[in-house]
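Let's take a look at how the pieces of this model sit against each other. Have the structure open while you read.

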2 protein chains.
Amino acid sequence: MDIRTLCLGVLTMGDASGYEIKKTFEERLGLMFHASYGSIYPALNKLTEEGLVSCRAFAQEKRPDKKIYSITSSGRYTFLDEIMKKPAADRFRSEFLVTLMFAHLLPVSTIAELIDERILESQRKIDSMSSDCADLPTDREQFLCGYGRAVYQAEIDYLQENRHLLEADALMGTRAAE
Amino acid sequence: MDIRTLCLGVLTMGDASGYEIKKTFEERLGLMFHASYGSIYPALNKLTEEGLVSCRAFAQEKRPDKKIYSITSSGRYTFLDEIMKKPAADRFRSEFLVTLMFAHLLPVSTIAELIDERILESQRKIDSMSSDCADLPTDREQFLCGYGRAVYQAEIDYLQENRHLLEADALMGTRAAE
DNA sequence: TGCAATTATATCGGATTGATATATTTTCTT
DNA sequence: AAGAAAATATATCAATCCGATATAATTGCA
């Protein structure tokens with residue numbers, strides 16, 4: 001499953017320009033997948049070549065045409081084939097956790113601030129989700145929204161209950177280094 | 001923070017070959033970061049050029065030299081500089097969640113199996129963590145191990161309590177398509 | 001009126017993955 | 001003890017993807 005497939009997925013929800021697809025990625029798929037213009041625009045070009053999407057271009061003066069993409073029936077089949085495959089393992093990269101892994105090399109105060117900020121940030125995400133979650137049109141989207149909230153909440157709870165382990169560990173590291 | 005930085009981090013824990021660094025990524029950093037040979041070997045070459053690691057090569061017959069890398073003091077400073085920066089946002093890619101986002105296009109049975117398998121897989125991870133978690137040498141590593149368990153457990157709980165939302169939604173999709 | 005934000009397309013270098021090639025040693029199974 | 005399988009070990013490559021950058025009109029608002 002690559003960005004091309006994801007673009008097809010977004011287009012099953014309605015016609016869109018490259019810009020709108022990017023927005024959809026941020027607003028509705030941000031929890032599960034990221035994509036940048038550098039991958040979306042080439043993906044749309046290739047999908048067009050392959051006949052999996054069609055493209056209507058509206059001429060505009062002094063800037064590139066506005067292009068609205070639609071998924072074709074061939075595109076729909078391709079997309080279904082893709083999502084029926086066994087999904088690959090999650091890929092997760094967290095610089096936050098890496099930093100904690102090396103907490104013993106940093107001052108305790110830095111670690112404490114890092115955790116404080118992480119908790120705030122996760123709480124902010126939960127709050128913004130909570131306000132929208134109930135309004136979402138489908139059970140499916142409410143489910144995914146709730147999933148995000150549950151995981152973020154678990155993270156906050158764990159950090160609050162166990163940060164002392166890390167701060168004590170970092171403290172020992174700092175003292176040992178003196 | 002890139003793979004070069006992560007290689008430096010692993011080398012702060014002791015000298016290692018490229019192969020051993022890869023193993024460390026899998027065994028101790030798997031929760032937070034991934035790296036393949038295709039990025040590790042070039043990273044080590046570049047770090048050697050830059051003087052951030054040193055390399056002792058042991059000649060071997062009929063295959064490439066075995067190379068043991070050590071971090072230099074210049075490498076230690078560079079690594080500290082890196083982890084003192086504000087960590088970038090997590091990057092997460094989940095084909096599983098993407099599939100659920102399009103659950104209405106798939107048979108209910110497929111969704112149910114997908115969730116069943118996901119729960120089993122997460123439980124397997126928790127079990128393998130639990131057996132090792134307590135043995136870990138530092139509070140810091142126990143903390144991170146516990147973090148992983150907490151998040152996986154939250155996922156399992158959420159899936160079990162809310163899967164009906166999704167299965168009902170998929171069911172309606174299937175019926176509508178008939 | 002002026003300034004910031006949003007809309008909108010597009011490219012490019014550099015980072016990274018996943019597959020592949022190669023070959024020895026160790027461990028397990030029968 | 002033979003043979004199979006797994007682990008050890010280095011390395012490269014095409015394809016993919018990200019983040020930054022360039023460009024420019026429009027919209028909202030103070």
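## Two helices crossing in chain B

In this predicted model, helix 1 of chain B (residues 3–12) packs against helix 3 of chain B (residues 37–49), with their axes 9 Å apart and an angle of about 80° between them. Angles of 65 to 115 degrees count as roughly perpendicular, so that is how helix 1 and helix 3 of chain B lie relative to each other.

Who does the touching? On the helix 1 side of chain B you'll find Ile3(B), Arg4(B), Cys7(B) and Leu8(B). They meet Ser39(B), Ile40(B), Ala43(B), Leu44(B), Lys46(B) and Leu47(B) from helix 3 of chain B. Sort the residues of this contact by type and you get 7 nonpolar, 1 polar and 2 charged.

## Where the chains meet

Now for the contact between chain A and chain B: 49 residues come from chain A and 49 residues from chain B. On the chain A side, at least two residues each come from helix 1 (3–12), helix 4 (73–84), strand 3 (91–93), helix 5 (95–101) and helix 7 (139–177). Which of these elements gives the most? That's helix 7 of chain A, with 17 residues.

## Strands pairing across the chains

To spot it, find Arg91(A), which stands opposite Arg93(B) in strand 3 of chain B.

Terms used. Residues numbered from 1 in each chain as written. Chains lettered and ligands numbered in written order. Predicted model: local features only at pLDDT ≥ 70, side-chain atom pairs only at ≥ 80, totals over all residues. Contact = placed C-beta atoms within 7 Å. Helix = DSSP H or I, 4+ residues; strand = E, 2+ residues; numbered from the N terminus. Pairing = 2+ DSSP bridges. Axes fitted to C-alpha atoms, helices over the stretch in contact; angles between N-to-C directions. Parallel < 35°, antiparallel > 145°, perpendicular 65-115°, else oblique. Nonpolar A, V, L, I, M, F, W, Y, C, P; charged D, E, K, R; others polar.
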